[in-house]
Amino acid sequence: MSAATDSPLAAVLVLAAGEGTRMRSKALPKVLHPICGRSLLGHVVAAVEELAPRQLAVVVGHRRELVAQHLGEAHPGARVVVQEAQLGTGNAARVAVEALAADGVVLDGTVIVTYGDTPLLTAGTLRLLAEQHAEQGNGVTVLTAHVPDPTGYGRILRAADGSVTGIVEHRDATEEQRAVREINSGVYAFEGKLLADALARITTDNAQGEEYLTDTLEILRTAGHRVGAVVAADHRDILGINDRVQLAEARRLLNDRLLERAMRAGVTVVDPATTWLDVQVSYEPDAVVHPGTRLHGTTHLAEGCEVGPDCTLTDTAVGAGAVVTATTAERAEIGEGCQVGPYAYLRPGAKLARKAKAGTYVEIKNSELGEGAKVPHLSYIGDATIGAGTNIGAASVTVNYDGVNKHRTVIGEHCRTGADNMFIAPVTVGDGAYTAAGSVIDKEVPPGALGVGRAQQRNIEGWVARKRPGTPTADAAAAARGKAEEA
Ligand code: UD1
Ligand code: CA
């Protein structure tokens, strides 16, 4: 892995083998559920990677092929360790330590053990835990937090002098212990040399018949080692996700964090309550985000652009000063000063040069619009190149698909195409050409020509009177005829 070999952190073990039954998910193991652009596990691993540990091992078990594949794609530096049966957090940590030992890794120094379901944990908090642990010379140091509602969490037990004596799980706790509001976050720093031995001494003597990692605190204390605790400054940072209610809570909290960062960097967020960001979204000062906007993936907002209300942009670049309203875009490039929407749909490969326009009910896919080119109304532009300064008439379609293959439409610079044109691709319209409204253009239009491709109109006089007598239409026609005769 890419980690620095001189890192003071010997290893980080991330436990992610559990099924997460409380999520009630058939599709995904708990740790792969996404929030704000990463899986729960991905958030944890990203925080850990900032610390550059010498070893990073992730314990997988339930639906391991999915989790391992995800790690391979998103975090190739992580070593995947398999826990065959989910016998508890203590067992999971033991499996990881044994796998590292089998590979000849000596755990010399601090080892952090953390769970894969705490996506709000930051690198800063992990660093603080590791530092305090080393400074105090502890055998183990647990990250704790005081929470308003400790239901479900392990409770921190302290002696009269305040020293930590152990952790009791909610299900194993007495009424008195359940009243304790200081909880176990599930993040620990261990002295590497003591870890394997402590894990080997865990029993399954508890309500769930599992090997609890939490038992290591009492084991190490009884063996005469120092047991410490670091209390998290903000209890919300250690929220463990067990069900979908907590998933939504974590998404909200992480989103608030991302919004605050954006606002402090100079972005105006008109309505934080209805604005959603992914972790990799980036921005420049004076970008304005209007209500009901979701920015996903690697979306970038350049200086002074305005996005929203009601936009969903994924992996899309918005140029400086561009105005994007009620638009859905994915892998699109919107140039400086462009105007997009309302009700535009930019699909992958839509590239709008400076000051181009994609207006109302316009869909654009795999196409380039040159500088100042405009597609103002009700059109589909697919697999096309449209030159600078060209205006596409309302309700036009590039007919790009013959049912088997896709073909390109090329329209030159400064063209004026008529309303309701069908461009049957492959087809080319030269620079400075016009096309007539209602045309079906299936042959090249040379530069400067007017392309006309439509049937001639003919009128059949008296048709309504003959075929639709007695209707309001026939009456209206008769009245108009009468007036014309008077005149
Ligand atoms: C655990 C802690 C509890 C703490 C809480 C914090 C124990 C015994 N309890 O409880 O004190 O307050 O987290 O959120 O540790 N896992 C495995 N293999 C297993 C079992 C679990 O890898 O055999 C992984 C899970 O995937 C999960 C993590 O360990 O990421 C924690 O397991 P979970 O069942 O969620 O523990 P909690 O009951 O929340
Ligand atoms: Ca949990």
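This is a predicted model: local features need pLDDT of at least 70, side-chain atom pairs count only at pLDDT 80 or more; totals for chains, interfaces and linings use all residues.
**Stop 1: the calcium ion**

Start by selecting ligand 2, the calcium ion, together with D117 and N242. These two residues are its protein donors, through OD of D117 and OD1 of N242, and they lie 2.5 Å from the ion.

**Stop 2: the nonpolar cores**

Next, select L41, V58, I112, V318 and L346. Within the largest nonpolar core, which has 92 residues, these five touch the most other members. Helix 8 (residues 244-264) gives this core its largest share, seven residues. Zoom in on L41 and look beyond its neighbours within four places in sequence: its contacts there are V14, A16, V31, V58, V67, L71 and G116. A separate second core holds 35 residues, among them A93, A96, Y115 and Y188.

**Stop 3: salt bridges**

- Select E182 and R158, whose side chains meet with N and O 2.8 Å apart. E182 sits in strand 10 (residues 182-191) and R158 in strand 8 (residues 155-158), 24 residues apart in the chain. E182 is buried at 6% relative accessibility, while R158 is partly exposed at 37%.
- Return to helix 8 for E260 and R264, which lie four residues apart, about one turn of the helix. Their closest N and O atoms are 3.1 Å apart. Here E260 is partly exposed, at 40%, and R264 is exposed, at 69%.
- Move on to K365 and D383, a salt bridge with its closest N and O atoms 3.1 Å apart. K365 belongs to strand 27 (residues 357-365), and D383 to the loop between strand 29 (374-382) and strand 30 (384-386). K365 is buried at 11%, as is D383 at 6%.
- Finally, select R94, E98 and E211 to see a network of salt bridges linking them.

**Stop 4: a surface patch**

Y343 is in the loop between strand 24 (339-340) and strand 25 (344-346), and is partly exposed, with a relative accessible area of 48%.

Methods. Residues are numbered from 1 along each chain as its sequence is written. Chains are lettered from A and ligands numbered from 1 in the order in which they are written. Side-chain values use heavy atoms; hydrogens and water are left out. A nonpolar core is a set of buried Ala, Val, Leu, Ile, Met, Phe, Trp, Tyr and Cys residues joined through side-chain atoms within 4.5 Å. Buried means under 20% relative accessible area, exposed over 50%, partly exposed in between (1.4 Å probe, protein chains only). Helices (H or I, at least four residues) and strands (E, at least two) are DSSP runs, numbered from the N terminus. Contact means heavy atoms within 4.5 Å. Donors are N, O and S atoms within 2.8 Å of the metal (3.2 Å for Na, K and Ca); water is not among the atoms, so sites may look incomplete. A salt bridge is a side-chain nitrogen of Lys or Arg within 4 Å of a carboxyl oxygen of Asp or Glu.
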